[in-house]
Amino acid sequence: MPKITDDIKLDFKDVLLCPKRSTLKSRSEVDLNVEYQFKNSGKKYRGVPILASNMDTIGTFEMARVLSKMGLLTAIHKFYTLEEWESFASQYPDELNRVTATSGCSDEDYKRLCDILDHIEGVKFITLDVANGYTCQFLEFVSRVRKSYPQHIIIAGNVATPELTVDLLEAGADLIKIGIGPGSVCTTRIKTGVGYPQLSAVLECAEAAHRLGGHIISDGGCTCPGDIVKALGAGADFVMTGAMLAGHDECGGETVVKTDGSKIKLFYGMASQTAMMKRYNGVAEYRCAEGKTVEVPYRGPVQNTVLDLLGGLRSACTYVGCASVAELSDKCTFVRCQQQANFVYGNKH
């Protein structure tokens, strides 16, 4: 017999944060940095807990150059060559401690990852990224990479339930990426019917991870700066985003001028037909595309958008009485709602 979970699961749109008394005099007093020591590598890290996605239009070296100076991490997409990595490392060595090298779990991916890590000493983060983190093959791959690189900080995912969060931590990962299908250009939930409401996934997986001394990343589902705050308040140690950083100068792909004079940049899921045609010469017969391609209005330099995100984060902390982002998960109280904002003029940002 099929089983149905009766308790209500929530997404970011289903809640708001309750304001509380605050002793802060100004948003400028808020400390945006967090400091963690990771379970399996033993390494420490301090920075702003926002991570640019490893999508090939987002996780670029150009993005990393800007975000690293602002204290954020960038997951570099896996399609750069070793020569391109070496060029970046030689020109911008100080940025290497705020980037991650990305890999899938094929033998070819593993070889490419090893080439980068063995030649570029400053890279301390590894992102092991697959759409479905529930396979035995992926758990074995995480263990393999941990044995090969015991001192590196390993990010692994994606999953959305506490059981696999624990399994990946025990396999050697330090940070587990949480999110099945919440992304703006992901169609997994439509094509497969599989997924888990993101806020509840973060709440449940964070509790399981923190109980073991592990950490999680909320990956996907953020539509506005307030959603990043909600993810952190729910217990996420980092938030990964792609859509909120799309359309900028630092993104991959050309800026296209349309016939009406407007400018756009393409943004697409890594399981979309666009990505698979570009990277793998097409969609394999045994699978379907689980992503879409959208035109994003050109938005100029990414620095302006990041400043807006960080401003929202600071302001949220003053509303809920937190002197630092690190206090959010301890001090946040969520209230359920039917609508989180007034969209009478259509502006959701």
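Contact is taken here to mean heavy atoms within 4.5 Å. In this predicted model, Glu 95 lies in the loop between helix H2 (82-91) and strand S6. Leaving aside residues up to four places away in sequence, Glu 95 touches Ala 64, Arg 65, Ser 68, Lys 69 and Phe 88. The C-alpha atoms of Glu 95 and Ala 64 are separated by 7.2 Å, although the two residues are 31 residues apart along the chain. The side chain of Glu 95 also makes a polar contact with the side chain of Lys 69, at 3.4 Å. With a relative accessibility of 9%, Glu 95 counts as buried.

Helix H4 comprises 13 residues (136-148), and its end C-alpha atoms are 19 Å apart, in agreement with the 18 Å that it should span at 1.5 Å a residue. Buried positions in H4 are Phe 138, Leu 139, Phe 141, Val 142, Val 145 and Arg 146. These residues cover an arc of only 160° around the axis, which puts them on the same side of H4. An α-helix has 3.6 residues a turn, so residues three or four places apart point the same way. The buried residues of H4 pack against strand S6 (99-103), helix H3 (107-119), strand S7 (125-129), strand S8 (153-159) and helix H5 (162-171). On the other side of H4, Cys 136, Glu 140 and Lys 147 are exposed.

The structure holds 17 salt bridges. One of them involves Arg 146 of helix H4 and Asp 174, which lies in the loop between H5 and strand S9 (175-178), 28 residues apart; the closest N and O atoms of this pair are 2.8 Å apart. Arg 146 is buried at 11% relative accessibility, and Asp 174 is buried at 0%. A further salt bridge joins Asp 219 to Lys 177, with the closest N and O atoms 3.1 Å apart. Asp 219 belongs to strand S10 (residues 215-219) and Lys 177 to strand S9, so the pair ties together parts that are 42 residues apart in sequence. Both Asp 219 and Lys 177 are buried.

Lys 9 forms a salt bridge with Glu 204, the closest N and O atoms lying 2.7 Å apart. This pair links the segment before strand S1 (15-17) with helix H7 (residues 198-211), 195 residues apart. Lys 9 is partly exposed, at 25% relative accessible area, and Glu 204 is likewise partly exposed, at 21%.

The disulfide count is 0. For Cys 136, the nearest cysteine sulfur is that of Cys 105, 12 Å away.

Definitions and conventions. Residues are numbered from 1 along each chain as its sequence is written. This is a predicted model: local features need pLDDT of at least 70, side-chain atom pairs count only at pLDDT 80 or more; totals for chains, interfaces and linings use all residues. Side-chain values use heavy atoms; hydrogens and water are left out. A disulfide is a pair of cysteine sulfur atoms within 2.5 Å. Helices (H or I, at least four residues) and strands (E, at least two) are DSSP runs, numbered from the N terminus. The expected span of a helix is 1.5 Å times one less than its number of residues. Buried means under 20% relative accessible area, exposed over 50%, partly exposed in between (1.4 Å probe, protein chains only). The arc is that of the directions from the helix axis to the C-beta atoms. A polar contact is a pair of N or O atoms within 3.5 Å; within protein, one must be able to donate a hydrogen and the other to accept it, and residues adjacent in sequence count only if both atoms are side-chain atoms. A salt bridge is a side-chain nitrogen of Lys or Arg within 4 Å of a carboxyl oxygen of Asp or Glu.
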